[in-house]
Amino acid sequence: KDSQDIPSGVVYFTNMMSLQDVEVHVFFYDSALANKVSVGRELVRWLFKTYHVHRISTTMPRPYGATIRFTFKMGFKLEGTLRQAALVKGNWHDILVFGLLPTDLED
């Protein structure tokens with residue numbers, strides 16, 4: 001089977017009704033996030049263009065270092081911190097809040 005036919009993860013958007021601030025959620029089946037930056041950027045470009053979304057937001061616990069690096073490479077900007085808002089492996093951690101505007105994708 002061709003490797004292009006094998007799913008590599010799941011991406012879904014929530015809060016699509018208003019199109020003002022859509023939330024993105026991503027789960028990849030492997031840890032090779034660096035290989036997924038270009039397809040991720042194309043996906044959010046498609047979302048901005050197709051649905052005229054104003055902005056995209058995402059959040060994640062601070063211990064998710066690889067995911068945070070991926071988020072920055074996608075063009076997201078750190079916008080804030082929710083202090084001790086996530087319980088990860090029995091410890092409280094901050095949740096980082098990221099946002100992306102269409103202009104953040106301009107090269």
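Student: Which element gives the largest share of the lining of the largest pocket?
Tutor: In this predicted model, strand S2 supplies 6 residues, the largest share of that lining.

Student: How much space lies in the largest pocket? And which residues are closest to its centre?
Tutor: The space is about 670 Å³. The lining has 28 residues. Closest to the centre are His 25, Val 26, Phe 27, Thr 67 and Phe 70.

Student: How does the lining divide by class?
Tutor: Sort the residues as nonpolar, polar or charged. Here 16 are nonpolar, 9 are polar and 3 are charged.

Student: Now the sheet. How do I read strand pairing?
Tutor: Strands of a sheet pair through backbone hydrogen bonds, and the pairing is either parallel or antiparallel. In this model, 5 strands form an open sheet in the order S1-S2-S3-S5-S4. The pairing is mixed.

Student: Which are the edge strands?
Tutor: Look for strands that pair on one side only. Here those are S1 and S4, the latter spanning 77–88.

Student: What does the twist average from one strand to the next?
Tutor: The average is 25 degrees.

Student: In which sense do S3 and S5 pair, parallel or antiparallel?
Tutor: S3 and S5 (residues 91–100) are antiparallel, with 6 bridges.

Terms used. Residues are numbered from 1 along each chain as its sequence is written. This is a predicted model: local features need pLDDT of at least 70, side-chain atom pairs count only at pLDDT 80 or more; totals for chains, interfaces and linings use all residues. Side-chain values use heavy atoms; hydrogens and water are left out. On a 1 Å grid over the protein atoms alone, a cavity is a set of points where a 1.4 Å probe fits but cannot get out, and a pocket is an open set with protein on both sides within 12 Å along at least five of seven lines; lining residues have an atom within 4 Å of a point. Grid points are joined across faces, edges and corners, and a volume is the space filled by probe spheres set on the points. Helices (H or I, at least four residues) and strands (E, at least two) are DSSP runs, numbered from the N terminus. Ala, Val, Leu, Ile, Met, Phe, Trp, Tyr, Cys and Pro count as nonpolar, Asp, Glu, Lys and Arg as charged, and the others, Gly among them, as polar. Two strands pair if DSSP finds at least two bridges between them. Axes are lines fitted to C-alpha atoms, for helices over the stretch in contact, and angles run from 0 to 180 degrees between N-to-C directions.
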